[in-house]
Amino acid sequence: QVQLVESGGGLVQPGGSLRLSCAASGTIFSIYAVGWYRQVSENQRELVAAISSGGNTNYADSVKGRFTISRDNAKNTVSLQMNSLKPEDTAVYYCNAETPEYGLGSARGSWGQGTQVTVSS
């Protein structure tokens, strides 16, 4: 029912910046928490940043001070501004939205197709 589409990934050098965007359809994005995750292994996704409906944010320790999550309710989007990128940030990044039935990060919830971020010199 809910479809999420990530965009904005690409290849950048260490120290560079990227801005990822997650666009939602089929739901009113503004009333649900949204998170950005990255694939750290074949069967694990790591929470990078999350934002609540009220605008409260949470970040992984590894990205604090470098990444910023924000939302534009009028456009039904959530963005992740990534600065001072490191090779360790290389991953496929996914957007996930909380639903009335499933909490944030649930495998049964809504996930996008992912966008590749590669940080390399």
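This is a predicted model: local features need pLDDT of at least 70, side-chain atom pairs count only at pLDDT 80 or more; totals for chains, interfaces and linings use all residues.
Local features were taken at pLDDT of at least 70 and side-chain atom pairs only at pLDDT 80 or more, whereas totals for chains, interfaces and linings use all residues. Residues are numbered from 1 along each chain as its sequence is written, and side-chain values use heavy atoms, with hydrogens and water left out.

Strands are DSSP runs of E with at least two residues, numbered from the N terminus, and two strands are taken to pair if DSSP finds at least two bridges between them. An open sheet of four antiparallel strands runs in the order β1-β3-β8-β7. Because β1 (3-7) and β7 stand at the edges with a single partner strand each, one side of each is left without a neighbour in the sheet. On average, neighbouring strands of this sheet are turned by 15° against each other, direction ignored; the axes are lines fitted to C-alpha atoms, and angles between N-to-C directions run from 0 to 180 degrees. Within the sheet, β3 and β8 are joined in the antiparallel sense over six bridges, and A23 stands opposite T77 in β8.

Strand β11 takes part in pairings of both senses. With β2 (residues 10-12) the pairing is parallel, over three bridges, and V12 stands opposite V119 in β11. With β9 the pairing is antiparallel, again over three bridges, and V92 has Q116 in β11 as its bridge partner. In a regular strand, side chains alternate between the two faces of the sheet. In β11, T115, V117 and V119 form the covered face, while Q116 and T118 form the uncovered one.

With residues up to four places away in sequence not counted, M82 touches G16, S17, L18, L20, R66, F67, Y93 and V117, a contact being heavy atoms within 4.5 Å.

One disulfide (a pair of cysteine sulfur atoms within 2.5 Å) was found, joining C22 to C95 with an S to S distance of 2.0 Å. Since C22 lies in strand β3 and C95 in strand β9, the pair ties together parts that are 73 residues apart in sequence. The torsion about the S-S bond is about -80°, so the disulfide is left-handed. Relative accessible area is 0% for C22 and relative accessibility is 0% for C95, and both count as buried (under 20% relative accessible area, with exposed over 50% and partly exposed in between, for a 1.4 Å probe and protein chains only).

Four salt bridges were counted, each a side-chain nitrogen of Lys or Arg within 4 Å of a carboxyl oxygen of Asp or Glu. R38, buried at 6% relative accessibility, pairs with E46 at 2.8 Å between the closest N and O atoms, and E46 is partly exposed at 28%. R38 also meets D89 in a salt bridge (3.0 Å, N to O); because D89 lies in the loop between β8 and β9 and R38 in strand β4, this pair ties together parts that are 51 residues apart in sequence. D89 is buried, at 2% relative accessibility. A network of salt bridges links R38, E46, R66 and D89. K64 forms a salt bridge with D61 at 3.1 Å between the closest N and O atoms, and D61 is exposed at 65% relative accessibility.
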